[in-house]
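Try each task yourself before reading its solution.

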Amino acid sequence: MFKITRRGALQGAAGLLAMPALVERANAQSAFDWKQAKGERLEVSLTSSPRSAILIQNQKEFEELTGIRVGAEHIPEQQHRQKFAIEFSTGKPSFDVVGISLHVNKRQVGRAKWCADLRPYLNDASLTAPDFDFADFSQGAVAYSTQADGRMDTLPEFGDPWIMYYNKDLLAAKNIAVPKTFDELYTAAKALNDPSKQVYGFVGRGLRNANVVLWTSFLLGTQQRDTIDANMKLITDTPDAVWAAEMYQKMMRECAPPGSIGFNWNECQTSFMQGRAAFWIDGPGFAAPLEDPKRSRVAGKTGYAVAPAGPANHHGALFGNGFGISEASAPARKKAAWLYLQWASGKANQLRYLSSGAGAPARQSAFRNEEAIRNSTFPAQYFSTLGEALRIARPGLPEIVPVTEFRDTIGAGLTNMIGGADPATELRKATEAFRPVLEQSEKAS
């Protein structure tokens, strides 16, 4: 995945007030024409996230640099996926640039060829700034943005390696060490679970669909690791899959707050932020509110660690986004869109992502910016954990078209397990229900 030196990862990110000046200076040092699409207007459709907020807050920087006007929207994740799929299918999408959740929509977008292949733009010196530095993107991020046929139809935005958050005070009060394995996590969570004080050992996603990625986090620690085999056959009711489901069930039934059967990441974040959970496994982009003393009871008391190891392997779940250019856009707008992609995924914005706790950028240079990391409000442990998490990360969802149906079907079984249903039985039922869906999808390939 990402190559990160320990020294660079241990130090952090910020120094952002100078970003516009840095962009201008870089432009002044090259003969590249950032104004070649001046007067165009772009429509940009993004998923609501801390990263999208950063881009929208700073888009005037791009407009002044290029003379291109930008109309940007950011929409909640589920609605955004539905919206862009519907609009693409009409052949006349309202946007020129779109943010794509690669862990959900990569194969769908690639099969339909909704987004333009970006390789010709990259290879055109008149369209790509000499200081864009494509080699700065990690090999893993580029691979995630590349389709099986070799088309690179998105530009990497960020990698989202799941990590483990923990409450330092709760662990210290009972002299409990940070767990290194899932078995140790269960033991520690049980020891810290105290419903009489509204303190729980663990909080995690229980909501149907959202919960699947926590189960796959456990599965990544087994010999199997995957939910689809090399022949695109479903393997979700094997002994390893059942072990992961049993671990999920124990953590959620015995160590989690009441009502967690309906928890997505935001409810988990709130519970942890209120000091009511000792451990939480989820994406790194949710850290910022935890470190805000005006909002969080665990500001300065939150610890960060890589996901624990399983019985056979040590991996953390990886998710990620990329920026695509609509194939249906007019050539002049595609040119403007490519300029936007270079700015949006440039070093300045990638560093903003890292320094603000918005997740792990796709560029390696952000992790090496020692001055920015040193001045960050985030602890050094946060950055070192991201570096280590990226090193052991593997995709947390299969690269198939019906990802949503997969998450819905398996997720229903996991939700039933929180209610007490037998894990092996639920996985067998879910596997039988989803197998024909996957087979039909593969026939259409």
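**Exercise 1.** Find the helix that holds Ser441, and decide whether Ser441 is buried or exposed.

*Solution.* Start with the place: in this predicted model, Ser441 sits in helix H20, which covers residues 423–443. Next, take its relative accessible area, which is 11%. Buried means under 20%, so Ser441 counts as buried. Now look at who it meets: skipping residues up to four places away in sequence, Ser441 touches Arg111, Val401 and Pro402.

**Exercise 2.** Describe helix H20: what is its span, and where does it bend?

*Solution.* First, count: H20 has 21 residues. From first C-alpha to last it reaches 30 Å, close to the 30 Å expected at 1.5 Å a residue.

**Exercise 3.** Now try another serine: where is Ser145, and is Ser145 buried or exposed?

*Solution.* Begin with the place again: Ser145 is in the loop between helix H8 (139–144) and strand S4 (155–161). Its relative accessible area is 1%. The cut-off for buried is under 20%, so Ser145 is buried. Last, list its contacts: leaving aside neighbours within four places in sequence, Ser145 meets Leu102, Arg151, Met152, Asp153, Thr154, Leu155 and Pro156.

Definitions and conventions
Residues numbered from 1 in each chain as written. Predicted model: local features only at pLDDT ≥ 70, side-chain atom pairs only at ≥ 80, totals over all residues. Heavy atoms only, no water. Helix = DSSP H or I, 4+ residues; strand = E, 2+ residues; numbered from the N terminus. Buried < 20%, exposed > 50% of the residue type's maximum accessible area, 1.4 Å probe, protein only. Contact = heavy atoms within 4.5 Å. Expected span 1.5 Å × (residues − 1).
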